[in-house]
Amino acid sequence: MATKRQEGGPQADPEVNEDEEDAIEESIEVAGVPLVVWVVRLTLILFIQGLIVIGSYAFYGFATDAVQFGPGFRLDPIHAAVNLVWGLAGSVIGFFMPRLSISYMLAFAIFFTLFAGFGTFTADRFGMVLDTTDNLINWALALTGWGVAIYALWQACLHAEGDC
């Protein structure tokens, strides 16, 4: 049985729908995928870096000095394992479970903020050798994580049905 649409309902005015569509298109998306999902997918780089460094240590021995590795791969084994785990988790979430991207990005931002903070301001580095470059990269990862997570939460709030 067909129902009669109410006059003045949401489908009655085409300008209202166009305004809603314009508001949705304001968020940063590439081919319909939100920015937060693309950033989570980019953690594949951390996975690849960790995999190469751990593989190098496995081949050359874990007593190898990290200075012998090329730029971008001069991580100690624990730091490489941390990047490997975060990269693997982010890759799985970004490619197979994108609905968890905001939660992952928040956890990523919190972890790397603590990681960078401990590396910069304390002597306790959890057995890792962190130099100034490592700490700067960890701060950059943390700030990027916070920026993307807050932007994604803001966009989700704009598209939510209720108040934020």
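Colleague: Where is Phe-95 found?

Modeller: Helices (H or I, at least four residues) and strands (E, at least two) are DSSP runs, numbered from the N terminus. Phe-95 is found in helix α4. Please bear in mind that this is a predicted model, in which local features need pLDDT of at least 70 and side-chain atom pairs count only at pLDDT 80 or more, whereas totals for chains, interfaces and linings use all residues. Residues are numbered from 1 along each chain as its sequence is written, and side-chain values use heavy atoms, with hydrogens and water left out.

Colleague: Is Phe-95 buried, partly exposed or exposed?

Modeller: Buried means under 20% relative accessible area, exposed over 50%, and partly exposed in between (1.4 Å probe, protein chains only). Phe-95 has a relative accessible area of 43%, so this residue counts as partly exposed. For the chain as a whole, buried residues make up 32% of the 164 residues.

Colleague: Which residues form the nonpolar patch on the surface?

Modeller: Patches are made of residues with over 30% relative accessible area and no salt bridge; like charges are joined within 9 Å, and nonpolar side chains (Val, Leu, Ile, Met, Phe, Trp, Tyr) within 5 Å. A salt bridge is a side-chain nitrogen of Lys or Arg within 4 Å of a carboxyl oxygen of Asp or Glu. Here the patch is formed by Leu-44, Ile-48, Ile-52, Leu-88, Val-92, Phe-95 and Phe-96, which together have about 630 Å² of accessible area (Shrake-Rupley method, 1.4 Å probe; for residues, only the protein chains shown count as cover). Helices α3 and α4 each supply at least two of the patch residues, and α4 gives the most, with 4.

Colleague: How many helices and strands are there in the chain?

Modeller: There are 6 helices and 2 strands. From the N terminus on, the order is α-β-β-α-α-α-α-α.

Colleague: What separates the C-alpha atoms of Ile-54 and Ala-80?

Modeller: Ile-54 and Ala-80 are 26 residues apart along the chain, with 6.3 Å between their C-alpha atoms. Ile-54 has its place in helix α3 and is partly exposed, at a relative accessible area of 25%. Ile-78, in helix α4, is partly exposed at 40%.

Colleague: Is Thr-132 buried or exposed?

Modeller: Thr-132 lies in helix α6 and counts as exposed, at 60% relative accessibility. From Thr-132 to Gly-119 the C-alpha distance is 8.8 Å, at 13 residues apart in sequence. Thr-120 belongs to helix α5 (residues 101–121) and is partly exposed at 35%.

Colleague: How much space lies in the largest pocket?

Modeller: On a 1 Å grid over the protein atoms alone, a pocket is an open set of points where a 1.4 Å probe fits, with protein on both sides within 12 Å along at least five of seven lines; lining residues have an atom within 4 Å of a point. Grid points are joined across faces, edges and corners, and a volume is the space filled by probe spheres set on the points. The largest pocket holds about 410 Å³. It is lined by 21 residues, of which Phe-73, Arg-74, Leu-75, Asp-131 and Asp-134 are the closest to its centre.

Colleague: Which helix gives the most to that lining?

Modeller: Helix α6 gives the most, with 5 residues; α3 (44–60), α4 (77–96) and α6 (132–159) each supply at least two.
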